[in-house]
Amino acid sequence: MGLTIAQKIIKAHLVSGEMIPGNEISLRIDQTLTQDATGTMAYLEFEAIGIPRVRTELSVAYIDHNTLQSGFENADDHRYIQSVAKKYGLRFSRPGNGICHQVHLERFGKPGKTLIGSDSHTPTGGGIGMLAFGAGGLDVAVAMGGGAYYITMPKMFKVNLTGKLRPWVSAKDISLEILRILSVKGGVGAIIEWGGDGIKDLTVPQRATITNMGTELGATTSIFPSDEVTREFLKAQGREEDYTPLCSDEDAVYDRVIDIDLNTLEPLAACPHSPDNIKKISELKNIKVDQVCVGSCTNSSLADMLKVAAVLKGRTVDDSVSMSVSPGSRQVLTMLSECGALEDILASGARLLECACGPCIGMGFSPNSAGVSLRTFNRNFEGRSGTKDGQVYLVSPEVAAASAITGYITDPATLGDEPVITLPEKFKINDSAILLPADEKEAESLQILRGPNIKPFPETHPLKNDLCAELTLKVGDNITTDHIMPAGAKILPYRSNIPYLSKFCFAVCDESFAERAKAAGNSIIVGGSNYGQGSSREHAALVPLYLGVRAVVAKSFARIHVANLINAGILPFTFENADDYDKLTQGEKLRIDNVFEAMESGKATLLTESGEKISLVCSFSERQKDILKAGGLLPYTRG
């Protein structure tokens, strides 16, 4: 039996375990990346492990999230990360150099390599044939120290693309179509491989858009073959020597195969407040638009920006619309400027923002009250934009630009013929904003620079055999990490200060939660299905740990979040019968006895104050049991 692309890379990097779906496996990691919203904590964890030098082939620290510096906090974190990178052997991408995933694709991604990053959209690297995973900061810290990365061996899905995209239809529409088919939890436990004759016309940036948004499916990761399209991209980046051909075997077996005919696709949008709330643009054409944002790690490539510039050329953004454009990297911005496309963008009335994540994580450019904001981003969770009642639609760059001109959600085909975009044979290479580390001898004398906002890792506790705790919060389905630990300009600067950050935990759902949890001492949270979807931010586990949360009981969990809970020493249980969720009431006392026995048997009993007995299930590898008993991955790793 042949192998899929992902299975080939896994086999080549397998450290332990069998490649059987559902089994725990561990992988050797070639590359890591961090961004500054999660990076400070990841490097504090790396320091706590006590390894003197990064042991990967390549590790890069990017500054792309917390670039608004309205106080000392972000600047201090950036200085800390830069000093860590120089001392411990990482490359450091300076603020303004670009979004981690865009820059990594341009300058560092290599087909066939493994990559984990402390950002859930790290699977963007799959567009270039990497096996790239989003992970919690602790997992990244361990990998930087030479440790293996542990996952459950995924199932394999195949998406076959046939035909060719029609004018004005884009890779973003392919992403939205697969979300329509699978939903935000339809990819859980699977790696999605993209293939078929239809991929030959998709550039690497287009492929990266698709693998980027595979995260919204809950997929472990997504990947494209490495072919002549990949070679041409690497050649244009001056990195042809990094090319390796990679494809699945003809007799590879998949757990599910999905066919999409590109000829039939039309422009789509994800409507508020979920990436899988998909409708055709033709159904939304009478909706008034207040704001348009182009950029993010999903759609900020040179090709995307050139399309937007071509649509805006000679036209003016409607006077009722506020429009922003954020190029994905300094390379993209420089080339836009040199070819004159930037002038077309600015002449239209659009505002140029920094080469950073910006509005995507609520770091500036929030919409007006109840404003309709069209964004070329990957998430439209409620409140993520920074405006609690903002109505965010996810669209392609083409739809975004057309709608900015008309003031209404608009099918770009109504503007006439689609402009022809020609990409250069060579991209402009200037890596001066990527700083190299000190050599090992110089590194010995370097000091780490810490600001007063940087606080230690939260205190951990070895697991006890009996748990008695208050149910301090009960939430519904599809709770995201944005619900648990919000982003935004007001909160992100405190990512390295868990005590202060804890004030905002679950504030989107219940503003009194943090105070109540602290008063309770030990507590349990109950959730619905797909609990913890969205960002890889481990703060959504570390902050509850700090507040005394000892267990989370849910109908089901998102992959990265359940791993982060275990890494933090928090017990994740699922209901054996999902209907039992309705039997629990916030505020009551709950009890789980014989926890160690439950971890071995996979079954536990939750006792309520009223005497109700609720059956729970769990599934932990031997390693995960040891992590939980130790109180988390950090004490486990330190021994």
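Visitor: Which exposed residues does the face of H16 turned away from its buried side carry?

Guide: That face carries Glu515 and Ala519. Exposed means over 50% relative accessible area, buried under 20%, and partly exposed in between (1.4 Å probe, protein chains only). The model is predicted, so local features need pLDDT of at least 70 and side-chain atom pairs count only at pLDDT 80 or more, while totals for chains, interfaces and linings use all residues. Residues are numbered from 1 along each chain as its sequence is written, and side-chain values use heavy atoms, with hydrogens and water left out.

Visitor: What makes H16 a helix, and which of its residues are buried?

Guide: Helices are DSSP runs of H or I with at least four residues, strands are E runs of at least two, and both are numbered from the N terminus. H16 covers residues 513-520, with Phe513, Ala514 and Ala517 buried.

Visitor: Why are the buried residues of H16 said to line one face?

Guide: Seen down the helix axis, they fall within an arc of 95 degrees, so they line one face. The arc is taken over the directions from the helix axis to the C-beta atoms.

Visitor: What do the buried residues of H16 pack against?

Guide: They pack against strands E21 (467-474), E22 (523-527) and E23 (549-554), where contact means heavy atoms within 4.5 Å.

Visitor: Why is Cys293 called buried?

Guide: Its relative accessible area is 0%, so Cys293 counts as buried.
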